Amino acid sequence: MTTRAPKTLAPGTLRDRLIRLAELATTPLLPSDYLDLVAPLRSGSALRGRITAIHRETADAVTVVIKPGRDWRPHAPGQYARIGIDVDGVRQWRTYSLTSSIDRADGCISITVKAIEGGTVSNHLVHRATEGTIVHLDHAAGDFTLGAELPAKALFVTAGSGITPVMGMLRNAVDRLEDVVVVHSAPTADDAIFGPELRSLHRQGRITLIERHTTTAGRLGIEELNALVPDLAEREAWACGPAGLLDGIEQHWTELGIADKLHTERFRITPIVVGEGGTVTYERAGTTVEAEASESLLDAGESAGVLMPSGCRMGVCFGCVIPLRNGVVRDLRNGEITSASEGDGVLIQTCVSAAAGPCTLDV
């Protein structure tokens, strides 16, 4: 009598069958969709975070504390991260500086947001967001940081929400900086984001704080800055704020021959207006077209004779990914809004993205 060995399944076969069975049982959702509901911050999933606290800073600014998912990578103080949040059923993405200490015991990060007129996301975060909300995250980026070697003398010049990346630096390095001057402008003392914390650091002798209240004293000029900080040419400098302030500082540092000692960060200060369709500029091709809201950026470009990278044309293979230089687009599958300004490094799939206002593509 011949004994036949029991039949064995190929490696992974039983697992694959179980997964397939689970998929059939949960159609049209996948098992991963249910995992997202119960464990949205788990490793291996899309990077997300949960809002754990919201602290009021001023009448129109809050600090949002976020517990990031397990795949979050540590950031360098001064960097920013893109945050995605659903507002009225549409996922919106914006970029905010990280203001938290990097060694928080709870592993949380924080962003500090000032509401701007017409700003969909900033007003939502300041006035409507609640603890427990799940947000989407991109890893931190940006080179507006202190760097590996700390300077002997440092100068920070900020205005409005321009203080946010600088506060990220100060919270992490103030005790390792020997000589720090912070020049900060705000309409009034009550409008100064982190005002109490900065004044406390000043009283403790850890920084020299020079406040400018523009409602009564007007905007800070370069000649005044020279008078307030007579040794500015000897200092490594970081500046963040409105374009006018940064333009003047960059010009002055260039005239002094010390432009290599200046680091600047520019925020987008105009609200993004989301529309239906828009003007699309294919920058390297030198082509501009008017695209309908239902027309993919890939189709619009090809119709205008632009040589576009492509693949499956259905959002699966990622063969059509290119940088969005600036502007705003809408995902044709789910209505998600993606925006970018120069330097953000945002990538989009042109086969499933349409214009939601003026936009420029790097192709």
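This is a predicted model: local features need pLDDT of at least 70, side-chain atom pairs count only at pLDDT 80 or more; totals for chains, interfaces and linings use all residues.

Residues are numbered from 1 along each chain as its sequence is written, and side-chain values use heavy atoms, with hydrogens and water left out.

Start with the big picture. The protein has nine helices and 17 strands, where helices (H or I, at least four residues) and strands (E, at least two) are DSSP runs numbered from the N terminus. Of its 363 residues, 45% are buried; buried means under 20% relative accessible area, exposed over 50%, and partly exposed in between, with a 1.4 Å probe and protein chains only. Take the contacts (heavy atoms within 4.5 Å) between residues at least 6 apart in sequence: 66% of them join residues at least 24 apart.

Now go inside. In soluble globular proteins, nonpolar side chains tend to be buried together. A nonpolar core here is a set of buried Ala, Val, Leu, Ile, Met, Phe, Trp, Tyr and Cys residues joined through side-chain atoms within 4.5 Å. The largest one has 23 residues, and Phe-156, Leu-170, Val-182, Leu-198 and Ile-207 touch the most other members. At least two residues each come from β7 (153-159), α4 (163-173), β8 (179-186), α5 (195-203) and β10 (236-241), with α4 giving the largest share, six residues. Click on Leu-170: beyond its neighbours within four places in sequence, Leu-170 is in contact with Phe-156, Val-180, Val-182, Leu-198 and Ile-207.

Why is α4 largely enclosed by the rest of the structure? Ten of its eleven residues are buried, so α4 is largely enclosed. The cover over those buried residues includes β4, β5 (109-114), β7, β8, α5 and β10.

Helix α3 (residues 120-127) has its own buried set: Val-121, Ser-122, His-124, Leu-125 and Val-126. Among the elements covering them are β1 (48-58), β2 (61-68), β3 (80-87), β4 and β5. Arg-94 lies in strand β4 and, at 10% relative accessibility, counts as buried.

On to the second largest pocket, which holds about 720 Å³ of space. Its 26 lining residues include, closest to the centre, Trp-93, Glu-336, Thr-338, Leu-347 and Gln-349. A pocket, on a 1 Å grid over the protein atoms alone, is an open set of points where a 1.4 Å probe fits, with protein on both sides within 12 Å along at least five of seven lines; lining residues have an atom within 4 Å of a point. Grid points are joined across faces, edges and corners, and the volume is the space filled by probe spheres set on them.

Most residues other than glycine have a negative phi. Asp-88, in the loop between β3 and β4, has a positive phi of about 55° and is exposed at 62% relative accessible area. Phe-318 has a positive phi of about 65° and sits in the loop between α9 (297-303) and β14.
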